[in-house]
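Student: I would like to learn how to read a structure like this one. Could we go through it feature by feature?

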Amino acid sequence: QEPTEKHKDAAFEYGGMYMQYEPKYWYFEIIIIMHKCIMTGAMVIVENGSPTQPLVAMLIQLMFMLLVLKLAPYNDDLDDWSSFVCSLALTLTTMTGFVLMINTNRPDPVLPSAMLTTFLIVSNATCFAYEMGAIAYVAYQDRLAKRQKKMLPTEKSKVKSPNPPKKSNVQVMPVSAPPLERGENEEDLLLWR
């Protein structure tokens with residue numbers, strides 16, 4: 001059905017809150033806002049300065065990451081994967097913070113601080129590299145679409161498709177000649193062919 005003028009106005013005003021999600025997950029922005037509130041505001045009241053704080057943050061972040069992975073709420077699969085990769089990087093960051101806080105309260109560290117620092121840098125740099133790759137991929141796809149739009153119809157037919165047409169499984173059976181009737185010889189049969 002055609003959207004009404006009122007719906008168009010609402011989509012223009014508030015579409016940024018729900019249009020990037022699949023229709024059945026229109027409410028997912030509320031979950032994201034709640035997650036951000038918990039990860040920033042609620043973490044202040046959880047034993048500030050103790051290892052419990054990053055442990056609770058890691059568990060909350062882990063639950064959010066699994067929710068994003070399971071629901072895949074975005075319209076575009078690339079957005080689903082980007083959200084998962086960022087959530088994974090945040091989960092690993094809070095886990096590393098937990099281990100660093102445990103190390104400060106022990107005479108013998110669980111893991112060397114240099115190793116944890118390297119892990120933090122590599123995991124977050126990998127997330128950044130993935131996001132840059134995703135942006136480059138989207139830009140390339142847009143450029144390719146614009147180029148194909150500008151092509152004339154005759155040029156489009158000259159461009160080879162990356163997926164050649166599949167061969168059909170139709171088998172051609174040889175046609176047999178009609179049986180010889182009385183008065184016909186094999187020369188007539190050859191003319192028929």
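Student: Is the crossing of α2 and α3 left-handed or right-handed?

Tutor: This is a predicted model, and in it α2 and α3 cross in a left-handed way. The residues in contact from α2 are Phe-28, Ile-31, Ile-32, His-35, Ile-38 and Met-39. From α3 they are Ala-57, Ile-60, Gln-61, Phe-64, Leu-67, Val-68 and Leu-71. Sorted by class, this contact holds 11 nonpolar residues, 2 polar ones and no charged ones.

Student: At what angle do α2 and α3 pack?

Tutor: Helix α2 covers residues 28–40 and helix α3 residues 52–71; the angle is about 165°, and the axes are 10 Å apart. Angles over 145 degrees count as roughly antiparallel, so α2 is roughly antiparallel to α3.

Student: How does α3 pack with α4?

Tutor: Helix α4 spans residues 77–104, and α3 packs with α4 at an angle of about 165°, with the axes 9 Å apart. The two helices are therefore roughly antiparallel to each other. The crossing of α3 and α4 is left-handed.

Student: Which residues meet there?

Tutor: On the α3 side they include Pro-54, Leu-55, Met-58 and Leu-62, and on the α4 side Asp-80, Phe-84, Leu-88 and Met-101. By class, the contact of α3 with α4 has 15 nonpolar, 6 polar and 1 charged residues.

Student: What should I look for in the loops?

Tutor: Most residues other than glycine have a negative phi. Glu-47 is not a glycine, yet its phi is positive, about 30°. Glu-47 lies in the loop between α2 and α3. Ala-72, also not a glycine, has a positive phi of about 45°, and Ala-72 is in the loop between α3 and α4.

Student: How many helices and strands does the chain have?

Tutor: There are 7 helices and 0 strands.

Student: What share of the chain is buried, and what about its surface?

Tutor: Of the 193 residues, 21% are buried. The accessible surface of the chain is about 15400 Å², and 65% of that belongs to carbon and sulfur atoms.

Definitions and conventions: Residues numbered from 1 in each chain as written. Predicted model: local features only at pLDDT ≥ 70, side-chain atom pairs only at ≥ 80, totals over all residues. Heavy atoms only, no water. Axes fitted to C-alpha atoms, helices over the stretch in contact; angles between N-to-C directions. Helix = DSSP H or I, 4+ residues; strand = E, 2+ residues; numbered from the N terminus. Parallel < 35°, antiparallel > 145°, perpendicular 65-115°, else oblique. Left-handed = near helix turned anticlockwise from the far one by under 90°. Contact = heavy atoms within 4.5 Å. Nonpolar A, V, L, I, M, F, W, Y, C, P; charged D, E, K, R; others polar. Buried < 20%, exposed > 50% of the residue type's maximum accessible area, 1.4 Å probe, protein only. Areas by Shrake-Rupley, 256 points an atom, 1.4 Å probe, with all protein chains shown as cover.
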